[in-house]
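Please walk me through this structure, from its nonpolar cores to its helix packing and then to a few individual residues in the loops.

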Amino acid sequence: MATPQAPRLDGVFAALADPTRRKIVERLLAAGELSVGDVAAPFAISTQAISRHLQVLERAGLIERRVERQWRYVRMRGDALEPVESWLSRQRRYWTAALDRLETTAAEQTPKRRKS
Amino acid sequence: MSQDVVNQESETTLRLERLIPMDPEPLFALWIEPVQLVKWWAPEGCEASVDALDARPAGRWRVTMRKPDGNQVATSGIFRIVDPPHRLSFTWAWEDAGGIRGHETEVTVIFEAAPGGTRLVLIQQRFDNRGARDGHRGGWSASFDRMAALAGR
């Protein structure tokens, strides 16, 4: 039986629901690690706005930060998307089994059809 | 829900399809009548009981599943579309032991008369109604696919 999800899942979904944040995540996945300036570069929005997006991603457990002298870097956490993937596979298992039971119940209640 | 969402399976949408040997009308009843629903809703060994099943738009539903060890877990939500015997749509979430609902999704079940019974399509969209669905529309699926592929490296 599927179990209730960790509360983290809501944060992950909410964080990924924003197109700018998804672009940031894709860039980080492709590049590995980027400085905050490099993250901001392709976007026509303020550094402040990028900072807010990074905060949301960090709170959701998707990215982590590293400071080296005056430079600030961000990268994806290794387990970032794990909650999403395990949640989906639990749902799939539940519904596949439920439809098996539905099919059995339906078959039991339906008189055999005559081929016409 | 737009037709393309119905047709597409992606990393963000669960889509299952079955041919069930029963006509759409009685099959629809298996979903919305408590005495019928408890026959198949809960996993093997668990006992389902219906706490609410108000099958009309905005109506609430809640089903508790009791495990052999006495522990129980509930699922609940609100009906969005009740269009017998064609389409059923409801929000869906597991509840934790304290009755706190987890991440909410939307489940849509489509009943299509077919030779030999009903073609049933079940679609579960992962996003709740807190603005997340807008994000789902544009390119979300494609970008998640890429993300998942990259993350899996």
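The largest nonpolar core has 23 residues, of which Ile20(B), Leu27(B) and Trp31(B) touch the most other members. A nonpolar core here is a set of buried Ala, Val, Leu, Ile, Met, Phe, Trp, Tyr and Cys residues joined through C-beta atoms within 7 Å, and a residue is buried if 20 or more other C-beta atoms lie within 10 Å of its own, exposed if 12 or fewer, and partly exposed in between, with the C-beta atoms placed from the backbone. Two or more residues of this core come from each of α5 of chain A and, in chain B, α2, β3 (60-66), β4 (72-83), β5 (87-94) and β6 (105-114); the helices (H or I, at least four residues) and strands (E, at least two) are DSSP runs, numbered from the N terminus. Apart from this core lies another, of 21 residues, including Ala14(A), Ala40(A), Leu57(A) and Met76(A).

This is a predicted model, in which local features need pLDDT of at least 70 and side-chain atom pairs count only at pLDDT 80 or more, whereas totals for chains, interfaces and linings use all residues. Residues are numbered from 1 along each chain as its sequence is written, while chains are lettered from A and ligands numbered from 1 in the order in which they are written.

Leaving out residues up to four places away in sequence, Ile20(B) touches Leu102(A), Glu103(A), Ala106(A), Leu27(B), Gly117(B), Thr118(B) and Leu120(B), a contact being a pair of residues whose C-beta atoms, placed from the backbone, lie within 7 Å. Helix α5 (residues 82-109) of chain A also packs with helix α2 (residues 24-32) of chain B, at an angle of about 130 degrees and with the axes 11 Å apart. The axes are lines fitted to C-alpha atoms, for helices over the stretch in contact, and angles run from 0 to 180 degrees between N-to-C directions. The two helices are therefore oblique to each other, given that angles under 35 degrees count as roughly parallel, over 145 as roughly antiparallel, 65 to 115 as roughly perpendicular and the rest as oblique. In this pair, Leu102(A), Thr105(A), Ala106(A) and Gln109(A) meet Pro26(B), Leu27(B) and Leu30(B).

Within chain A, helix α2 (residues 19-31) and helix α4 (residues 47-59) pack at an angle of about 75 degrees, with their axes 10 Å apart, which makes α2(A) roughly perpendicular to α4(A). On the α2(A) side Thr20(A), Arg21(A), Ile24(A) and Val25(A) take part, and they meet His53(A), Val56(A) and Leu57(A) of α4(A).

Chain B contains five helices and seven strands, and 32% of its 153 residues count as buried. In the loop between its β5 and β6 is Arg101(B), which is partly exposed, with 18 other C-beta atoms within 10 Å. Arg101(B) is in contact with Ser76(B), Ala93(B) and Glu95(B), its neighbours within four places in sequence being left aside.

Some loop residues also have backbone features to look for. The peptide bond from Pro84(B) to Pro85(B) is cis, with omega near -10 degrees, and Pro85(B) is placed in the loop between β4 and β5 of chain B. Arg69(A), in the loop between β2 (63-68) and β3 (71-76) of chain A, has a phi near 50 degrees, a positive value in a residue other than glycine, and counts as exposed with 5 C-beta neighbours inside 10 Å.

How values were computed: Contact = placed C-beta atoms within 7 Å.
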